[in-house]
Amino acid sequence: MLNVAGALGALFVLAALAGMTPDALRVLGLATLIVLVLGALWDGLSVLVRHRPAGRRGQSKRGRGRPGRSTRPAPRAPARPASLIVDGSNVMHWNGEPSQMVLTRVVAKLVQSGECPHVYFDANVGYKLQGQYMGNRAMAKMLGLPEDRVTVVNAGVPADPVLLEHAVNAKLRVVTNDRFMEWRPQFPQIGNRGFLVKGHWQQGTPMVQL
């Protein structure tokens, strides 16, 4: 725009030198002035546009077009429910004395078979296996299971009624060689066929009758 104004200014000078009438020179001068003012306004608007904050330009585009991608993390998938209950305090005796190896191999076999076990223990399980107290987290780490898949009951509370209540309410089987005779009046479902899943230890290999 300023180039056009300069050209008109030069034309005005040439016209004056060429002997144009005063009226014609006034019209040409007014036109030159108008062009100069418009050029100044144009340059000012160009500067404002160039210095507009980038963030606002981005927001404007998102508002007119597709919305921007959300930064919120995707929701976690719900945990898979347990498919069976394991009487851990019984299973660890399948080869006689309490054994961490027997316990971990039985649980690993169940997982490899596609099961999702929830393992229950009496409060003294850690003392029997490693000579110290072990809670849910420590036992879960030993078994390679999520912490919410292991329950070590409180001291003075037997694990049997706790795991049996879980199994009955969720209609799950229980991996154990215990017959739970003292708990049958409270949980008659124990006598249902298939409710108790038995197993044994054979030459270093866990055998479970799934």
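Predicted model: local features only at pLDDT ≥ 70, side-chain atom pairs only at ≥ 80, totals over all residues.
## Overall composition

The protein contains eight helices and seven strands. Of its 210 residues, 32% are buried. The accessible surface amounts to about 13,800 Å², and carbon and sulfur atoms account for 57% of that area.

Among contacts between residues at least 6 apart in sequence, 59% join residues at least 24 apart.

## Helix α5

Helix α5 covers residues 100-112. Its 13 residues should span 18 Å at 1.5 Å a residue, and the C-alpha atoms at its ends are 18 Å apart, which agrees with that expectation. The buried residues in α5 are V102, L103, V106, V107 and L110. Viewed down the helix axis, the buried residues of α5 fall within an arc of 125 degrees, so they line one face of the helix.

Both ends of α5 have a local feature to note. At the start of the helix, a side-chain oxygen of S99 comes to within 3.3 Å of the backbone nitrogen of M101. After α5 comes G114, which has a positive phi, near 95 degrees.

## Salt bridges

Side chains of opposite charge can pair when their charged atoms come close. The count of salt bridges in the protein is two. In one of them, R173 pairs with E115, with 3.4 Å between the closest N and O atoms. R173 belongs to strand β4 (residues 173-175), whereas E115 sits in the loop between α5 and β2 (117-121), so the pair ties together parts that are 58 residues apart in sequence. R173 is partly exposed, at 27% relative accessibility, while E115 is buried, with a relative accessible area of 16%.

A salt bridge also joins the side chains of R137 and E147, at 3.5 Å from N to O. Because R137 lies in helix α7 (residues 136-143) and E147 in the loop between α7 and β3 (150-152), this pair ties together parts that are 10 residues apart in sequence. R137 is exposed, with a relative accessible area of 62%; E147, at 40%, is partly exposed.

V162 is located in helix α8, which comprises residues 159-170. With a relative accessibility of 29%, V162 counts as partly exposed.

Leaving aside residues up to four places away in sequence, V162 touches Y120, V153 and V157. Y120 is 42 residues from V162 along the chain, and the C-alpha atoms of the two are separated by 8.3 Å.

Key. Residues numbered from 1 in each chain as written. Heavy atoms only, no water. Helix = DSSP H or I, 4+ residues; strand = E, 2+ residues; numbered from the N terminus. Buried < 20%, exposed > 50% of the residue type's maximum accessible area, 1.4 Å probe, protein only. Contact = heavy atoms within 4.5 Å. Expected span 1.5 Å × (residues − 1). Arc of directions from axis to C-beta. Polar contact = N/O pair within 3.5 Å; in protein donor to acceptor, adjacent residues only side chain to side chain. Areas by Shrake-Rupley, 256 points an atom, 1.4 Å probe, with all protein chains shown as cover. Salt bridge = Lys/Arg side-chain N within 4 Å of Asp/Glu carboxyl O.
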